[in-house]
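Thanks, everyone, for making the time this morning. I would like to walk through one model, going from the overall build to a few individual residues, and I will give the cut-offs as I go.

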Amino acid sequence: MTVILGPDRTVATAPARFWTWPRLLAAFVATLVAVAIMRAVTGADEIFTSGTLRTTVAAAVPIGLAGLGGLWSERSGVINIGLEGMMILGTWGAGYGGYVWGPWGAVVLGAFCGALGGLLHALATVTFGVDHIVSGVAINIIALGVAQYLAALTFTGLPQAGPTQSPPIPNLPDVTLPVISDAALWLERQGWFALSELGSLVAAVTSNVSALTVLCLLLFVATSYLLWRTPFGLRLRSCGENPVAAESLGLNVYRYKYVAITVSGALAGLGGAFLAIVAAGIYRDGQTGGRGYIGLASMIFGNWRPSGVVAGAGVFGYTETLGLRSGPTSVHALLLLLGVALAVLSIWQLTRRRTIVSGIAMALALLVIWVYLVTDTVPNEFTSLTPYVTTLLVLSLAAQRLRPPAAIGGRYRRGEAV
Amino acid sequence: MSTRLKAFLPLLAAPLLALVMAFAVTSLVLLIAGDPVMLVWQTILSRPDARNVVNVINSGAVLYLSGIAAAIGFRMKLFNIGVDGQYRIAAFVAAWVAGEAWLPGLANTALALVSAVLVGSLWAGIAGVLRVTRGVHEVISTIMLNFIATFLVAYLLRKVAITEGNQIGTKPVPEGSRIPGLQLIPGAPDDIYGLVLLAVVVGVAYGVVLSRTRFGFELRATGQSPSAAMASGISVKKMTVVAMLLSGGVAGLIGMPLLFGEYYSYGVTFQPGLGFAGIAVALLGRNHPVGVALGAVLFAYLDEQGNKLQIFANVSPELVLIIQGVIVMSVVIAYEAVQRYVLRLEERMVGASVGEGDDVGPPPGHDETQEARS
């Protein structure tokens with residue numbers, strides 16, 4: 001049974017690298033200027049302060065870790081919809097590890113519990129050849145049960161805890177870069193067009209950043225390096241592109257898949273641990289709130305690349321944060337940006353003679369701008385559903401440009417040529 | 001061994017193997033956790049009271065609808081993860097329509113049922129259309145639509161709701177539009193929902209359409225091989241959208257027995273999580289109308305008996321989730337294992353019937369060999 005996440009494309013072409021350094025820099029400056037204009041026009045200052053951005057990072061990290069987990073698994077050719085379950089296992093692991101061994105124990109046990117979930121997924125999909133989505137759904141059910149059962153078993157009767165929540169997890173140290181942080185905060189306070197926005201951004205990533213956040217960002221770099229710059233990574237990805245060819249080169253495809261899925265589970269578990277340790281300081285039943293699924297979406301959004309996962313998780317984290325920080329006015333301001341972006345997209349599509357896409361985008365743009373003009377705030381519920389609508393929109397506009405690993409979701413048995 | 005029996009063997013062996021596996025794994029979990037293993041099984045396998053039987057039938061029927069909704073998609077290899085969102089948004093709209101009571105009596109009920117089906121299929125249809133026109137995989141789009149449904153329903157509920165006690169909900173369904181319960185189980189305090197019959201109707205329709213009509217054939221053909229289906233003139237795109245619409249339509253019905261038999265309005269306490277349970281039930285029943293029914297009853301039975309765990313065994317009822325999850329996982333693993341075993345058995349028999357050492361040329365098909373042997 002073949003399930004392909006994304007469009008069916010069998011021919012892989014290697015396009016010229018679009019995001020060269022000058023272009024990246026130009027895009028970065030353009031974003032800062034756009035945000036500065038937005039703040040000036042709409043008066044919604046909260047959309048780009050160091051506080052908002054710091055919360056965005058904290059909200060994006062668990063989603064990004066789940067997405068990175070999905071990346072490992074899917075690059076080896078196995079769909080992992082069980083990320084949510086592995087994340088749930090991670091939250092319990094962090095709660096229990098934090099109680100017994102302190103914060104770093106929470107990190108380790110969270111990742112370990114997630115890895116066990118990954119191992120189960122590997123056993124089912126690789127060894128027994130079960131359909132990947134079926135196995136993932138089962139893992140999500142089992143993990144929810146295991147976490148809540150274990151929580152009731154281990155946390156009942158502990159101080160400040162109960163059957164559905166753990167004792168408080170001691171927090172990890174925060175990291176602040178001394179001089180740069182102060183300078184950035186000063187720059188932010190000046191209110192200079194575009195420069196203050198730069199200050200907010202720098203301040204957000206240099207002051208009071210949890211040590212776990214730093215560790216997680218390093219994991220993205222490490223993944224990029226491991227999967228794209230080492231022989232191990234090339235082999236692992238070849239298992240996701242063409243396992244039979246990989247086998248013919250003498251690779252033990254099963255072993256690579258096992259490693260990839262276990263790492264995938266560990267990363268998702270770490271994402272859960274992050275939620276418990278940094279975001280909440282406690283394990284609570286139902287803490288993940290579907291972030292495993294969102295992580296999966298951010299990976300697809302990010303075209304199965306680590307940098308794309310960062311971007312996807314960033315979008316989700318940002319919209320989630322805006323909803324929390326003076327949501328109604330902030331998201332209202334965001335409508336204008338969305339409207340303008342859709343209009344630009346429409347014109348761009350028109351120049352490429354894609355009239356239908358262009359028309360749809362322009363209709364949406366006019367609709368969004370009209371809503372912006374006739375309303376003053378956006379109801380809270382709509383604030384919350386922004387990231388999901390954004391994902392659907394982005395996927396429906398860009399799904400044709402995505403390229404999933406060629407053999408994803410496929411059934412591979414050793415020694416059976418397809 | 002006759003051919004029929006051989007075809008039937010994996011169907012029977014896999015669920016049994018799965019139950020044994022679930023039993024073993026759960027016992028192991030209990031042993032490691034230091035909970036009373038025997039007491040837990042005694043509680044779960046204890047004789048259900050009349051009250052419990054009614055509850056099992058009621059929630060079993062609801063789960064069955066959910067399972068069939070998922071199964072329609074699965075038959076086409078479409079993973080409609082969005083059953084959950086579809087049934088909630090449909091239940092909300094139906095409750096609103098029924099509460100407004102534009103029509104009298106049972107006409108009002110009928111209108112609400114129709115609107116539930118329409119809303120459910122429209123919500124699922126979004127995913128279907130995105131899949132065929134924009135290439136968005138339905139797993140992702142339906143997950144997103146689940147979240148969107150949650151917030152959309154919360155918003156709309158706030159707009160139309162009335163406050164009753166300290167809870168908000170849609171206007172209650174008027175007396176004349178409610179469906180009276182059936183008193184089938186003697187001695188039970190509650191009735192069986194009248195709309196349990198909906199599950200029977202849907203189940204029969206699903207079975208007949210799937211195995212007796214051209215549409216059902218095309219559906220299964222597209223699921224098994226899109227390229228072969230396309231070659232024989234079936235429009236795969238059309239089938240994808242239609243399957244999603246049907247799946248969503250049935251999903252729309254999931255909340256109806258609850259709405260017209262127990263809650264009479266849609267509020268924040270309306271039973272959640274039925275969509276995901278339905279996916280598990282469909283997997284358990286291998287998308288077969290009877291199999292899904294067995295799966296639904298098994299899950300409902302475990303849920304019902306699990307409620308007693310806290311009182312009698314001092315074990316948290318979430319244990320049931322572990323049992324259910326392990327059953328789903330083991331049933332697919334067991335099916336795979338049994339299938340492989342049967343395949344190997346058949347290969348050996350083919351080898352024996354063709355004659356030793358004569359392994360030149362392609363192996364004959366199974367059917368030919370079996371005919372030759374009989």
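Residues are numbered from 1 along each chain as its sequence is written, and chains are lettered from A, with ligands numbered from 1, in the order in which they are written.

Chain A has 16 helices and two strands, where helices (H or I, at least four residues) and strands (E, at least two) are DSSP runs numbered from the N terminus. Its radius of gyration is 22 Å, close to the 22 Å that the globule rule gives for 418 residues, so chain A is as compact as a globular protein of that length; the radius is taken over C-alpha atoms, and the rule is 2.2 Å times the number of residues to the power 0.38. Along the principal axes, the C-alpha atoms of chain A fill a box of roughly 60 × 60 × 40 Å. Buried residues make up 51% of the 418 residues in chain A, a residue being buried if 20 or more other C-beta atoms lie within 10 Å of its own, exposed if 12 or fewer, and partly exposed in between, with C-beta atoms placed from the backbone.

The domain assignment, which is automatic or taken from a database, gives chain A a domain 1 (53-172 + 211-303) and a domain 2 (326-402). The C-alpha centres of domain 1 and domain 2 of chain A lie 32 Å apart, and the contact takes four residues from each of these domains, contact meaning that the C-beta atoms of two residues, placed from the backbone, lie within 7 Å.

Turning to the two chains together, 36 residues of chain B are in contact with 42 residues of chain A. On the chain B side, the elements that give two or more residues are α5 (105-134), α6 (138-160), α12 (274-284) and α15 (319-354), and α15(B) gives the most, with twelve residues. For the complex, the predictor gives an ipTM of 0.84 and a pTM of 0.87.

Which residues touch the most other members of the largest nonpolar core? Of its 236 residues, they are Ile277(A), Leu65(B), Ala94(B) and Ala116(B), where a nonpolar core is a set of buried Ala, Val, Leu, Ile, Met, Phe, Trp, Tyr and Cys residues joined through C-beta atoms within 7 Å. Leaving aside residues up to four places away in sequence, Ile277(A) touches residues including Ala94(A), Pro103(A), Ile169(A) and Leu212(A).

Most residues other than glycine have a negative phi. Asn287(B), however, has a positive phi of about 60°; Asn287(B) lies in the loop between α12 and α13 (289-306) of chain B and is buried, with 21 other C-beta atoms within 10 Å. Asn314(B) also has a positive phi, near 55°, and sits in the loop between α14 (309-313) and α15 of chain B, but with 13 C-beta neighbours inside 10 Å Asn314(B) counts as partly exposed.

Finally, confidence: the mean pLDDT of chain B is 86, and 92% of its residues reach 70 or more, pLDDT being the predictor's confidence in each residue, from 0 to 100. In chain B, confidence is highest in helix α10 (residues 236-253), at a mean of 94, and lowest in helix α16 (residues 366-373), at 41. Over residues 359-374 of chain B the pLDDT is below 50. Where pLDDT is low, the predicted coordinates should not be read in detail.

Methods
This is a predicted model: local features need pLDDT of at least 70, side-chain atom pairs count only at pLDDT 80 or more; totals for chains, interfaces and linings use all residues.
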